[in-house]
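Please look over the model shown here before reading the notes on its metal site, its aromatic contacts, its backbone and its helix packing.

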Amino acid sequence: MSCDFLDISSTEIREKVNTTPYEELFLTDTDDKVTEYIKDNHLYKELNEAEMITLLSKDLKESRLMHTLGVIDTYQADVKKCETAALLHDCAKYMPLDKMIEICERNFAKLNELERKSPALLHSKAGACLAYEKYGIKDEEILNAIKYHTTGKPDMTLMEKIIFVSDFIEPNRTHSDKLPMYRMIAMADLNLVCMNVLKDTIDYLNSKGEEIDPITEETYNYYKKLISERK
Ligand code: DGI
Ligand code: FE
Ligand code: FE
């Protein structure tokens, strides 16, 4: 098969993809139509992580590969998993309360009395169930980040904290004058921002005469203790 507007066969394009030098592909003033076509159509295929590790295991000594994997682990939070959790965290936000209760019960999620009457609270637990059932998420850490994004929970993983805090401080939020400060501190001290987010939430709920869920209280006490003990 040949390309309509390029006088070149697919075999030749494939050959070109494999032989185009790195710098040449990114030259802006190239008049090579084939290189332009390859670039515009993303014909150069990126390997996935497993494929890269397979190749690296042949290019590196074992100790160097362990070091490389250690560098990945140092981030602790898997960026792709964080993105999935962030994308789905509010997926059940607009479910009617009876449907939230139904999906939770179908998935054996235990509910307390407050959750049974508060959609604002229950959408996170229902969201984890919906992410599992409808969006096919089977990763427990992603599901937990969704499940606890409203109340937090004591001793959150980095990813759970990232989702919990981001929900409060993301750039579209305008609900508090403290947000610019939290956004700055979050980069350096996520635990401190967790404690403050929980304090603000509890103050807000108290001002509205709303009941505090025991886990909200427990989480606040956990992070308050953590912060006070390290001083
Ligand atoms: O869903 P979002 O608006 O993005 O944010 P969110 O998931 O943090 O939900 C915020 C709502 O959750 C807000 O209306 C307060 C409510 N909430 C959080 N903790 C508690 C709570 N409501 C009650 N009654 N008790 C809690 O402990
Ligand atoms: Fe939410
Ligand atoms: Fe949210």
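The briefing below starts with conventions and then goes topic by topic.

This is a predicted model, in which local features need pLDDT of at least 70 and side-chain atom pairs count only at pLDDT 80 or more, while totals for chains, interfaces and linings use all residues. Residues are numbered from 1 along each chain as its sequence is written, chains are lettered from A and ligands numbered from 1 in the order in which they are written, and side-chain values use heavy atoms, with hydrogens and water left out.

**Iron site**

- The iron ion (ligand 2) has D90 (OD), H123 (NE2) and H149 (NE2) as its protein donors, lying 2.1 Å from it; donors are N, O and S atoms within 2.8 Å of the metal (3.2 Å for Na, K and Ca), and sites may look incomplete, since water is not among the atoms.
- Along the chain, the donors of this ion follow the spacing D-x32-H-x25-H.
- H123 belongs to helix α9 (residues 119-133) and H149 to the loop between α10 (140-147) and α11 (158-169), so that the pair, 26 residues apart, links distant parts of the chain; helices (H or I, at least four residues) and strands (E, at least two) are DSSP runs, numbered from the N terminus.
- Both histidines are buried, H123 with a relative accessible area of 3% and H149 with one of 2%; buried means under 20% relative accessible area, exposed over 50%, and partly exposed in between (1.4 Å probe, protein chains only).
- D90 coordinates the iron ion (ligand 3) as well as the iron ion (ligand 2), and these two ions are 3.4 Å apart.

**Aromatic pairs**

- A search of the whole structure finds two aromatic pairs, where rings of Phe, Tyr and Trp (its six-membered ring) pair if their centres lie within 6.5 Å, and planes under 30 degrees apart count as stacked, over 60 as edge-to-face and the rest as tilted.
- F168 and Y182 form a tilted pair, with 6.4 Å from centre to centre and 40 degrees between the planes.
- This pair links distant parts of the chain, since F168 is in helix α11 and Y182, 14 residues apart from it, is in helix α12 (residues 179-186); F168 is buried at a relative accessible area of 14%, and Y182 is buried at 1%.
- Y222 and Y223 form an edge-to-face pair, 4.9 Å centre to centre with 75 degrees between the planes; Y222 counts as partly exposed at 28% relative accessibility, whereas Y223 counts as buried at 1%.

**Charges over rings**

- The charged end of K138 sits over the ring of Y132, 4.0 Å from its centre, the criterion being NZ of Lys or CZ of Arg within 6 Å of the ring centre and within 35 degrees of the ring normal.
- K153 lies over the face of Y148, at 5.5 Å from the ring centre.

**Positive phi angles**

- F108, in the loop between α7 (97-106) and α8 (113-117), has a positive phi near 60 degrees although it is a residue other than glycine, and it counts as exposed at 76% relative accessibility.
- D155, in the loop between α10 and α11, is not a glycine either and has a positive phi of about 55 degrees; D155 counts as exposed at 53% relative accessibility.

**Helix packing**

- The axes of α12 and helix α13 (residues 190-207) come within 8 Å and cross at roughly 150 degrees, where axes are lines fitted to C-alpha atoms, for helices over the stretch in contact, and angles run from 0 to 180 degrees between N-to-C directions.
- α12 and α13 are therefore roughly antiparallel to each other (angles under 35 degrees count as roughly parallel, over 145 as roughly antiparallel, 65 to 115 as roughly perpendicular and the rest as oblique).
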